[in-house]
Amino acid sequence: MKFFIDTANVKDIESAYKIGVLSGVTTNPSLVAKEGVKFEDRIAEILQLVPEVESVSAEVTPDAETAEEMIAQANELIKINNHDDKITIKLPMTLAGLEACRYLSRKGVKTNVTLIFTVNQALLAARAGATYVSPFLGRLDDISEDGVLLVDKIAQLFRTHGLDTQIIAASVRHPDHVTRVAMAGAHIATVPFSVIAQLAKHPLTDQGLEKFAADWQKSIK
Ligand code: G3P
């Protein structure tokens, strides 16, 4: 399973990129709004920061309701990346989003259909040609459903039917989500930097380092 970072924060993206674990970046209107910067400017900045990743997802804005409006926005976003295929157009799981997905995927543009909460939604998005689907597991857990089970079922369905759409496990809240979606067959987990940092930690690692440091003080120099 690969890691994408789920943020529009430059510092967090730099921190994850320099440790070599990053294969992509995902953003959404809420994440960009938190940054207080112009959406297109931040996407351009992110694209510069992460030259070696496979995908940077930029979502069409909530005021684009029709497929035509989404496609028009996608065309502007593609220009920011000089038509490089790293830019991935994130589309909502609506009928209009699927129509835009079909159009863009036929043009060779990468797409990420977001706000997936059922297996049927994932199947529709895959059939519309989505490069990625983003099931939101944390938000399902929030309403007492099993988000990891959804990822598991989508992975099983894609394997059974030979669908090559990749699953991005999204709305990942903690390290146990990461382990479980990896085992369930997610191709990618998109996670905030705080979760990446937690993955690297263990109290016994810290204790071990403290002991090495204390013993080193006592050693003959
Ligand atoms: O990747 C989707 C993510 O940004 C939503 O996460 O924690 O707001 O449910 P959350």
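1. Val 25 stands opposite Val 56 in strand 3. Strands here are DSSP runs of E, at least two residues long, and helices are runs of H or I, at least four residues long, both numbered from the N terminus. Three bridges join strand 2 to strand 3 (residues 55–59), and the two run parallel. Two strands pair if DSSP finds at least two bridges between them.

2. This is a predicted model: local features need pLDDT of at least 70, side-chain atom pairs count only at pLDDT 80 or more, and totals for chains, interfaces and linings use all residues. Residues are numbered from 1 along each chain as its sequence is written, and side-chain values use heavy atoms, with hydrogens and water left out.

3. Strand 2 also joins strand 1 (residues 2–6), through four bridges, and these two run parallel. Asp 6 stands opposite Thr 26 in strand 2. Between strand 1 and strand 2 the chain passes through helix 1 (residues 10–18), a right-handed β-α-β crossover. Right-handed means that, with the strands pointing away from the viewer, the path from the first strand over the helix to the second runs clockwise.

4. Is strand 2 buried or exposed? Five of its five residues (22–26) are buried, so strand 2 is largely enclosed by the rest of the structure. Buried means under 20% relative accessible area, exposed over 50%, partly exposed in between (1.4 Å probe, protein chains only).

5. Look next at Asn 28, in the loop between strand 2 and helix 2 (29–35). Asn 28 counts as buried because its relative accessibility is 14%. Leaving aside neighbours within four places in sequence, Asn 28 is in contact (heavy atoms within 4.5 Å) with Glu 59 and Lys 90. The Asn 28 side chain reaches the backbone nitrogen of Ser 30 at 3.0 Å.

Key
A polar contact is a pair of N or O atoms within 3.5 Å; within protein, one must be able to donate a hydrogen and the other to accept it, and residues adjacent in sequence count only if both atoms are side-chain atoms.
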